Amino acid sequence: MDRRPTVETRPPVLIEAIVRLSIPACRREHVIGDLWERYRTPGSFLLDAIRTVPFIVVSQVRRTSMIGSVLIHTFALVVGFAAGAGNFNSAIAPVTAAVVGFVLRDAYKSTVSLTARQVLRDHVVVAGFVAASQIVVALVSPDLLLSFRALVGGTVSFGLTFFLRLQNPGIGSPQPRQAFAQAPASLDALVTEVRMHERLGQRAIRIEMGAGIVVAAFFLIPSANATNWAVRVGWILASAYGLYVAAVVSRHRPRRMPDGLGFTASLEFYRATLERQHRTIRTMWLWYLMPFTPAIAFIMFGGMLVATERGRPLWPGVVFVAVMAGIGLLVHRGSQDMARKLRLRIDTLASAQEQAQ
Amino acid sequence: MALPESIGQFEHVVLAAVLALDEAAYGVTIHAKVEEFIAPRTVSLGAVYATLDRLEDKGLVRSWLSDPTPERGGRSKRHYRLEPHGERALRDTTLAAKRICDNLERIWGEDVWTAGPRWKPVRQS
């Protein structure tokens, strides 16, 4: 009987399974392969994995989570949880858990969330993070557990992030420059890209119009209960702004590309569509952000009048304006980034069109 | 004219490794080549992956998955290749490094490259 010791040439199944699960889905295949190739002993495999995986996770997070979108998510969650709870302290744990949940979910998921079901699934995973945070809070500091009102506020926040992500599928998905700089290989690939662009564009505009109408109706409530004329004018302007946005975006619906066009004609049509979209996005600060400033100015002015009359400090108004300016800046940066990607796609299509001719 | 993409020192080393390996450039071989370049220092495989991701996002390298191979447990390799932009950035950075080398050689003397541990700083306190 052969009693020679056997030499393991592969890592133990359990260790390999743990390492595989810790690697983001889109990197799993080649990273595990590389770690296999370097395998010597179970210990060295584990050490190699410990020295490798954190870099991969951080790199993937950098690719999937833009600082602007993380801050906008944080703002929406803080507003919902803190307003519902009535205090900021009990909102810290669920908001932190939810933000970490979104960031990790985006890094680890295997596909881009395009459909409502996929976006909903992301939110269910993140809700799991919030639930886990509440278990920890219940054990450590039960007085900071979320109340029913805070849960309702949090659910409203999740509704906001749901529509934000449904409207912008780019949030949380890696978009390497390579994807924008690759010319469509065939007519079928081009038509598929155009139809997808049309479908997502139509949906984004429907959501924006819906949001505009809801905002217009919602802002009528504070305008009815306003403490002075300036605040009332501010909220009425904010309400009118919602309707204005709904009206403007309805004019920017992408036109459907006619069926049966050839490769060059389809490229031409698609390029013209992207050019129009590029102009709209590049000038968002002018038609989307600036018209909101009169409303903010009136609300701020009215708030300062009330504060002066009642002898209250003015700093909350300054914080309010700073937060609004911060959100405006994030939206502006996001739109400029989107415009740059569109420009790269347009240039790629232009060179493909030249080659086809 | 647009300025060429700026790259850091480690990105420079990784780009050089990808170019040197040509068709054989994937995670394990790039890591080995990088360690050969920066010896006696070492670097983790993860740091090489993170840098390759950054270079790919900048449009300096391109990657694709190859067919699975049995010696890797049936897993694919992610191969890397320099894009023209990447090669240009590598050349620009290397030229800048060469200019620095030429200037320092004038101060330290020609034997600075071969002196090894015998080398002594010019400015001794």
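Across all chains of this predicted model, a search of the whole structure turns up 30 salt bridges. Here is a friendly tour of three of those pairs, plus a network that brings several charged residues together.

**Within chain A, between a loop and a helix**
- D48(A) pairs with R38(A) in a salt bridge whose closest N and O atoms lie 2.7 Å apart.
- This pair links distant parts of the chain: D48(A) belongs to helix α3 (residues 42–64) of chain A, while R38(A), 10 residues apart from it, sits in the loop between α2 (25–37) and α3.
- D48(A) is buried, because its relative accessible area of 12% falls under the 20% cut-off.
- R38(A), with a relative accessible area of 22%, is partly exposed.

- R63(A) and D57(B) meet through their side chains in a salt bridge, at 3.1 Å from N to O.
- R63(A) counts as buried, with a relative accessibility of 14%.
- Both residues also take part in a network of salt bridges that links R27(A), R62(A), R63(A), D53(B), E56(B) and D57(B).

**Within one helix of chain A**
- R340(A) forms a salt bridge with D337(A), and their closest N and O atoms are 3.7 Å apart.
- The two are separated by about one helical turn, because R340(A) and D337(A) are three residues apart in helix α15 (residues 315–356) of chain A.
- R340(A) is exposed at 55% relative accessibility, whereas D337(A) is partly exposed, with a relative accessible area of 26%.

Technical notes. Residues are numbered from 1 along each chain as its sequence is written. Chains are lettered from A and ligands numbered from 1 in the order in which they are written. This is a predicted model: local features need pLDDT of at least 70, side-chain atom pairs count only at pLDDT 80 or more; totals for chains, interfaces and linings use all residues. Side-chain values use heavy atoms; hydrogens and water are left out. A salt bridge is a side-chain nitrogen of Lys or Arg within 4 Å of a carboxyl oxygen of Asp or Glu. Helices (H or I, at least four residues) and strands (E, at least two) are DSSP runs, numbered from the N terminus. Buried means under 20% relative accessible area, exposed over 50%, partly exposed in between (1.4 Å probe, protein chains only).
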